[in-house]
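This briefing goes with the sequence and structure shown below. The points are grouped by topic, from the chain as a whole to single residues.

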Amino acid sequence: MDNLIICDRCGSDVCYVDEVNQDIKTYFCYGCGFQTNSLMKEGEDFYNTQIEILPELYKDLFHTDKDGKIWMPSAVNIPDQGMVFANGSNSTNWKWSAVKAIPVTEEEKTKYPIPGKQGEYYSYRMDMTTMKNFTELDYIEALTYINVLPE
Ligand SMILES: [Zn+2]
């Protein structure tokens, strides 16, 4: 079940908490676009994995809250709608970038093969010409731009 709480990072009141089980909760803030969970703490395996796979900018933007949970920027990627991700050179110079997905046309489909599936092609692709940047606290605007909004 979803609950709304005050975000421990930005202080907005649109942070969704989802209880995975009695030990693990996930947090996703629609105010600042950052997310974390009960395992995103120094010393946890989950955290160590994130350190290995996240882009440098995401690590630059880590924020540790009063409980020791480490918040990181979210990354939304919905193949038939678009994506929103943190984009920039460092933690003081970045924006949310939103990119819309568009249908792949019959003529261009061979340019977008699905890896490992011979003869199958993606039906949508990210159209980088639609990329638009949003400031940190306009995260919700970025989601609106690609028609993805929290319920
Ligand atoms: Zn927040």
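In what order do the elements of the protein chain run from the N terminus on? They run β-β-β-β-α-α-β-β-β-β-β-β-α, which comes to three helices and 10 strands. The model is predicted, and it includes a zinc ion coordinated by C7, C10, C29 and C32.

**The chain as a whole**

- The C-alpha trace of the protein chain spans about 55 × 35 × 30 Å along its principal axes.
- The protein chain has 151 residues, and 34% of them count as buried.
- Its accessible surface comes to about 9100 Å², and carbon and sulfur atoms account for 48% of that surface.
- Taking contacts between residues at least 6 apart in sequence, 47% join residues at least 24 apart.
- The side chains of the protein chain include 13 positive and 24 negative ones. The centres of these two sets lie 5 Å apart.

**The zinc site**

- Four SG atoms, those of C7, C10, C29 and C32, coordinate the zinc ion at 2.3 to 2.4 Å.
- The angles among the four donor atoms are 103 to 123 degrees, and the site is tetrahedral. The ideal angle for four tetrahedral donors is 109.5 degrees.
- Along the chain, the donors of the zinc ion follow the spacing C-x2-C-x18-C-x2-C.
- C7 lies in the loop between strand 1 (2-5) and strand 2 (15-19), while C32 lies in the loop between strand 3 (25-29) and strand 4 (34-37), so the pair ties together parts that are 25 residues apart in sequence.
- Both C7 and C32 are buried.

- N3 is found in strand 1. Its relative accessibility is 39%, so N3 counts as partly exposed.
- Beyond its neighbours within four places in sequence, N3 is in contact with C15, Y16 and V17.
- From N3 to L61 the separation is 58 residues in sequence and 25 Å in space, C-alpha to C-alpha.
- S12 has its place in the loop between strand 1 and strand 2, and C7 lies in that loop as well.
- What is the relative accessible area of S12? The value is 19%, and S12 is buried because buried means under 20%.
- With neighbours within four places in sequence left aside, S12 is in contact with I5, I6, C7, C29 and G31. Among these contacts, C7 and C29 are donors of the zinc ion.

- Q50 has a relative accessible area of 10%, so it is buried. I51 has a relative accessible area of 28%, so it is partly exposed.
- Which residues does Q50 contact, leaving aside neighbours within four places in sequence? They are M40 and M72.
- On the corresponding count for I51, the contacts are K59 and F62.
- I51 and T135 are 84 residues apart in sequence, with 25 Å between their C-alpha atoms.

**Strand 10**

- D127 is placed in strand 10, residues 124-134.
- Is D127 buried or exposed? D127 is buried, since its relative accessible area is 12% and the limit for buried is under 20%.
- Not counting residues up to four places away in sequence, D127 touches V99, K100 and I102.
- D127 and G82 are 45 residues apart along the chain, and their C-alpha atoms are separated by 8.4 Å.

**The segment after helix 3**

- N147 lies in the segment after helix 3 (139-145).
- Phi of N147 is near 60 degrees, a positive value in a residue other than glycine.
- At 63% relative accessibility, N147 counts as exposed, because exposed means over 50%.

Technical notes: Residues are numbered from 1 along each chain as its sequence is written. This is a predicted model: local features need pLDDT of at least 70, side-chain atom pairs count only at pLDDT 80 or more; totals for chains, interfaces and linings use all residues. Side-chain values use heavy atoms; hydrogens and water are left out. Donors are N, O and S atoms within 2.8 Å of the metal (3.2 Å for Na, K and Ca); water is not among the atoms, so sites may look incomplete. Four donors count as tetrahedral if all angles lie between 85 and 135 degrees; four count as square planar and six as octahedral if opposite donors are over 155 degrees apart and all others between 65 and 115; anything else is irregular. Helices (H or I, at least four residues) and strands (E, at least two) are DSSP runs, numbered from the N terminus. Buried means under 20% relative accessible area, exposed over 50%, partly exposed in between (1.4 Å probe, protein chains only). Contact means heavy atoms within 4.5 Å. Accessible areas come from the Shrake-Rupley method with a 1.4 Å probe; for residues, only the protein chains shown count as cover. Lys and Arg count as positive and Asp and Glu as negative; His and the chain ends are not counted. The place of a charge is taken as NZ of Lys, CZ of Arg, CG of Asp or CD of Glu.
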